[in-house]
Amino acid sequence: MTAALRFDPIRLPEKCEQLRKEVRAFLAEEIAAGTFDPHAPNREDNDAPEFSRRVGAKGWLGMTWPKKYGGQERSFLERYVVTEEMRVANAPTRRFFVADRQSGPVLLKYAPEHIKMDILPRICRGELCFAIGMSEPNSGSDLFAAKTRATRTDGGYLVNGTKIWTSSAHIADYMIAIFRTSPPTKENRRHGLTQFLVKMKQPGIKVNPIGQITGQFEFNEVVFTDYFVPDDHVLGEIDGAWKQATSELAYERSGPERFLETYYVLTELVRAVGKNPDTRSAEGIGRLVAQVHTMRRMSVSVAGMLQAGKEPVVEASIVKDIGTVWEQQLPHRVRDLAAFVEETATNRETLEKQLDFAIKTAPKLTIQGGTTEVLRGIIARGLGLR
Amino acid sequence: MAESENIVAETAEKIFADLADAQTINHDKQGAWKAPLWRALTEAGLPLSWVPDHLGGSGASLAEGFAVLNVAGRHAIAVPLAETMLAGWLLTQAGIASPEAEMTVVPASPKDRIRRNADGSLSGRARAVPFAKQAKHFAVLASGNDGISIALVDATKCRIETGIGLGGDHSDTVTLDKLRPVAIKPAPDGFDQTALMLMGGVVRSLQIAGALESMLDISVRYSNERVAFEKKISKFQAVQHNLARLAGESAAALAAATSAADAIAHAKSLGDAAVFLEAASAKIRCSEAAEKGGGIAHQVHGAIGFTVEHILHRYSLRALAWRDDFGSESYWAVELGKLVADRGADELWPLVASR
């Protein structure tokens, strides 16, 4: 039997519900104060430094980390609640999201103590923005083809090369990147890459914005020219980044952001059809609600596995595969159903604007953070096919 | 899964493995395996899992029974285990003792109604009742002018028109004509046909999820054996990606079904919105997975999977057939959509997040 694929019905503990109330109250205040508009996901700039600090002040960044680094030592399930409430409200999380989800945990695991003491508390206070330097012009899904070199010099490394599609690099304070420190070996083509902590806004780094089809400028080209990284900014094993990547993937791939990215159009559709939907609308909405409920239950289940100290890489890949395909199709299904919404629906214009943006956003959802093809390869390996 | 659920499920697993091997029963056209299997299941107390000792059953918990149904789905067996369990559960709601033998529930569709007449007799017609022809008794839910009743009915007193469902199992039309039940009692407050359909839907969801687990299992195994173009077909990326999708559908079905089962096992009432969301979603999502996942399992197997000699159809066709019982996915989607619309847009996320 394929015993690996169990998604036990984990429930969020009672204390999460108190936390959820606090998060909702906080977001309601922010909305009332005009920090963001929950109905407008297509804002020009999703960067909100002051909001980020206020979230930090609430203790909602680095929630699961040790207290000595500014964390709260709370559970993954509590972090889950904060993440999903922010996502559903369309809160501007860009500035802190990557640091909280991904970069902080990497530093916790691999950075020297003095760096942890310096950086982690600042992430927790919402002061720092992180980017992830993985893709290069000729190396996207094939991570191990990366060519940007880090060559040995006195007290550290000199970096030369280009990273691309780097989200938030234009506002980031730091980047966690992989650079080539040795050539790959015949036996192991994954050998030779090392993970580094990179301080942005320094000489030797040039960030060039790249326009996206949504009209936003979220991602960038980042060019390194003799950029110096000190020795204590090496994260983990030299030449051994490939060993460090896998466990992070479970965190990165199973969260609420992997199926709720376009969720707002479903809420708006329900508003538009009103209290007495026709059979077609009712059926369409019912199916979409059943699907999103199921994905959330799978995603919470993976959060429960993470909390229990497991490494559910295959399960997380399944969540991201199904979740991103769903959130990609969602605006199109909502568009189908919205075709017959009454002209008099008061939110018609809002729904149309949202659909316009969601449909433009949709293509990236199955590409960023591991393409559908890469995920299905991982699942296939888990099934014993590779 | 709690330890006791494991023990009961393992008992069921062992009985099926010993007495209902898929290859063997697929070749046994006479169905000689059915009687020994039913005997063993009965001796283990499984058909009346959900009936307490004092009403003639083995008094297992809801969670233990749900675990058995997932195992039963993995074996896609053609005996009325799920139906007898559900019938026993229904009779227990009204405190009616269960007889020891095959049972099923009437009605098995949200569209059909059985009426309790003023003189206490029952009338009405129920279509697509699973295993009606094999059942000795029916557990009937009937509505009368003074509310809902639950009754035990002698199957031989009903008119049964034979029907065969998509999966090859009986799916019969049952007609009650001013029929005197063996026993009849009022249903508990708040218990109605929707509650029965939700419970039946979750039972079928667990079975579909189990069948999908088996389809994934045998498809992976087959792809690692079958050679084409000079290599195992599991080495082709197109096949790998199809199987990854099947794994996803199987996982989604299992997650939806076990979540709904857990919700019912812990619910104070089957009438609240959270149970409705969970149970309706499970039936919708599992039915969708039966179509998508089953389609992939067949595609991976090629022509051999389309033959009666091969066991695949035992799982794929039953999973498709189970979609129709106790309300199809279209029916539940409409009902869930109406509920969501009635509560309003701003209540949708709080409902989803409450689970």
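Select chain A and start with its overall size: for 386 residues a compact globule would have a radius of gyration near 21 Å, and chain A agrees because it has 21 Å. That radius is taken over C-alpha atoms, and the globule rule is 2.2 Å times the number of residues to the power 0.38. This is a predicted model, in which local features need pLDDT of at least 70, side-chain atom pairs count only at pLDDT 80 or more, and totals for chains, interfaces and linings use all residues. Residues are numbered from 1 along each chain as its sequence is written, while chains are lettered from A and ligands numbered from 1 in the order in which they are written.

**Chain A as a whole**

With chain A still selected, show the C-alpha atoms: along the principal axes they fill a box of roughly 70 × 55 × 40 Å. Colour by secondary structure and you will find 11 helices and eight strands. Here helices (H or I, at least four residues) and strands (E, at least two) are DSSP runs, numbered from the N terminus. Of the 386 residues, 51% count as buried. A residue is buried if 20 or more other C-beta atoms lie within 10 Å of its own, exposed if 12 or fewer, and partly exposed in between, with C-beta atoms placed from the backbone. Among contacts in chain A with a separation of 6 or more, 75% are between residues 24 or more positions apart. Two residues are in contact if their C-beta atoms, placed from the backbone, lie within 7 Å.

**Two backbone stops in chain A**

Next, pick A:Glu73, in the loop between α2 (49-57) and α3 of chain A. Its phi is positive, about 55°, although A:Glu73 is not a glycine. A:Glu73 is exposed, because 11 other C-beta atoms lie within 10 Å.

Then go to A:Asp226 in strand β7 (residues 219-230) of chain A. A:Asp226 is not a glycine either, yet it has a positive phi of about 45°. It counts as exposed because it has 11 C-beta neighbours inside 10 Å.

**Where chain A meets chain B**

Now show both chains and select the contact, which takes 45 residues from chain A and 44 residues from chain B. On the chain A side, α3 (76-88), α7 (264-273), α8 (279-307), α9 (313-338) and α11 (372-382) each supply at least two residues. Which of them gives the most to the side that touches chain B? It is α8(A), with 18 residues. By type, that side of chain A divides into 20 nonpolar, 13 polar and 12 charged residues. In this count Ala, Val, Leu, Ile, Met, Phe, Trp, Tyr, Cys and Pro are nonpolar, Asp, Glu, Lys and Arg are charged, and the others, Gly among them, are polar.

Stay with α8(A) and follow it from end to end: its 29 residues reach 42 Å from first C-alpha to last, close to the 42 Å expected at 1.5 Å a residue. The expected span is 1.5 Å times one less than the number of residues. Since 26 of the 29 residues are buried, α8(A) is largely enclosed by the rest of the structure. After the helix comes A:Gly309, with a positive phi near 85°.

**The nonpolar core**

Select A:Leu269, B:Val202 and B:Ala257 together: of the 243 residues in the largest nonpolar core, these touch the most other members. Such a core is a set of buried Ala, Val, Leu, Ile, Met, Phe, Trp, Tyr and Cys residues joined through C-beta atoms within 7 Å. Around A:Leu269, leaving aside neighbours within four places in sequence, look for contacts with A:Ile285, A:Val334, A:Leu337, A:Ala338 and A:Leu351.

**Over to chain B**

Zoom in on helix α4 (residues 62-75) of chain B, where 14 residues reach 20 Å from the first C-alpha to the last. Buried or exposed? Mostly covered: 12 of the 14 residues of α4(B) are buried, including B:Phe66, B:Leu69 and B:Arg74. Step past the helix to B:Ala76, whose phi is positive, near 40°.

For a last stop, find B:Pro107 in the loop between β1 (103-106) and β2 (114-116) of chain B. The peptide bond leading from B:Val106 to B:Pro107 is cis, with omega near 0°.
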